[in-house]
Amino acid sequence: MQYDVIVIGSGPGGYVGAIRCAQLGLKTAVIEKYSTFGGTCLNVGCIPSKALLDSSEHYHNAAHNFDAFGISLKDLKVDMAKMIARKDDVIAQNTAGITFLFKKNKIDSFQGVGSFVDKNTIKITKADGSTEQVTAKNVIIATGSKPTSLPFLPVDKKRIITSTEALNLKEIPKHLIVIGGGVIGLELGSVYARLGSKVSVVEFAKSIIGTMDGGLGKELQRVLKKSLGMEFYLGHKVTGATAKGKTVKVTAEDPKGQEITLDGDYCIVAVGRTAYSEGLGLENIGITLEERGKKIPVNDHLETSVQGVFAIGDVITGAMLAHKAEDEGVYVAEYIAGQKPHIDYNLIPGVVYTWPEVASVGKTEEQLKEAGVKYKAGSFSFKASGRAKASGDTDGFVKVLADATTDEVLGVHMIGPRAADMIGEATVAMEYRASAEDIARICHAHPTYTEALKEAALAATANRAIHA
């Protein structure tokens, strides 16, 4: 065999898995069909969306919040071309970083579409149609996902667009209609609402960010409506969308079955993502996809039904999160090397990068109730946080859920300033099976946002928050 491991796909799961394989002394190659490494996350997902979120947040603060801090500005304007150019530069820096890491770790790379000839042989089809074959003892499939499309709602990539096109708009929409009240739709909706767009979110479920703790969705909806003027059409079933000239017309049925029509100039279809396994030639090695979601079935070691062929990240079951894929890439590399790695899927945090940010780890209240687990809940509002008052970020709260008998922390859910960073403390605590009392007894620096986590933990243990 030419290689110990071939990785198909260079997104967070693929490139991290490849680097870990190389660190463990395995001769490794990566096959990537695009001209840059990093997959969806670095090129058209996590990284560029955060660049635009930060740019739009700076503008929104300058336009609406700086005056309260004693900073007066005039003639404020958005240079959309420069904003997009900065986003592109951030992408370039990150993808170049992966190229450097591959060279540093002596990982070979091939550009083209990788497909199975047999379980050890991969054919690489290049853009010019030429092919070559490489062989390996083990193969890791890390081909990620793509935006989910609706059969009755064709995307023209001009007016009816996906998250990919939304990252490259040349103008600020007057009225942006977002189909889908999940993470992607709300983040991109926030970007353009901050820049001045009217944003309408149409969601089939009765709440936004429906997979997270119910209280988070309610608070986020309240804040986005209050601070950005975003409108929400919950419990609405989209029935169609048509584009004519510079106008998009979206039709939907409200909870009572009455049809409503929304007229805008752009519409983002953000109804989720679908596993991407096209062109892999899985039928050549006897792998059958799951009917629901087109995911590749794997066992507890992330190995497919074919020995030596593994799959990780969005292309298998579970949350479609970059950090989940990264951990799985490390897991498979170490498993191939004969180690005994472990992933606790209950402790993979989820984050929404709106402002305020939303973050969650462990079980939600809804899940604990459904499972019949007796628990205690403690909450603390950022309105009572000295640090939040100083920065003007008083929306949101932290909630700690703990076992009613043992006091072990079962879930932590927060919406507020820098929640994306704060959730790390909760994850560490839960990895070591901390009690709410443990968190409450740890000295937290003052004044910091993380004091809200301590206060919520105090509230969960005998309702003794100091500042509530």
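The dialogue below goes through some helix and strand arrangements in this predicted model.

Visitor: Why is helix 1 called roughly parallel to helix 8?

Guide: The axes of helix 1 (residues 12–23) and helix 8 (residues 322–336) cross at roughly 30° and come within 7 Å. Angles under 35 degrees count as roughly parallel, and therefore helix 1 is described as roughly parallel to helix 8. The crossing itself is right-handed.

Visitor: How do you know that helix 1 and helix 8 meet, and which residues are involved?

Guide: Contact means heavy atoms within 4.5 Å, and on the helix 1 side the residues that meet helix 8 include Tyr15, Val16 and Arg20, while those of helix 8 include Ala325, Glu326 and Val330. By class, this contact has 8 nonpolar, 3 polar and 3 charged residues.

Visitor: What makes strand 18 and strand 20 edge strands?

Guide: The open sheet of 5 strands is ordered 18-19-22-21-20 with antiparallel pairing. Strand 18 (350–352) and strand 20 (375–381) each have a single partner strand, so one side of each is left without a neighbour in the sheet. From one strand to the next, the twist averages 10°.

Visitor: Which strands does helix 11 lie across?

Guide: Helix 11 (residues 419–431) lies across strand 18, strand 19 and strand 22, and runs at about 10° to strand 19.

Definitions and conventions: Residues numbered from 1 in each chain as written. Predicted model: local features only at pLDDT ≥ 70, side-chain atom pairs only at ≥ 80, totals over all residues. Heavy atoms only, no water. Axes fitted to C-alpha atoms, helices over the stretch in contact; angles between N-to-C directions. Helix = DSSP H or I, 4+ residues; strand = E, 2+ residues; numbered from the N terminus. Parallel < 35°, antiparallel > 145°, perpendicular 65-115°, else oblique. Left-handed = near helix turned anticlockwise from the far one by under 90°. Nonpolar A, V, L, I, M, F, W, Y, C, P; charged D, E, K, R; others polar. Pairing = 2+ DSSP bridges.
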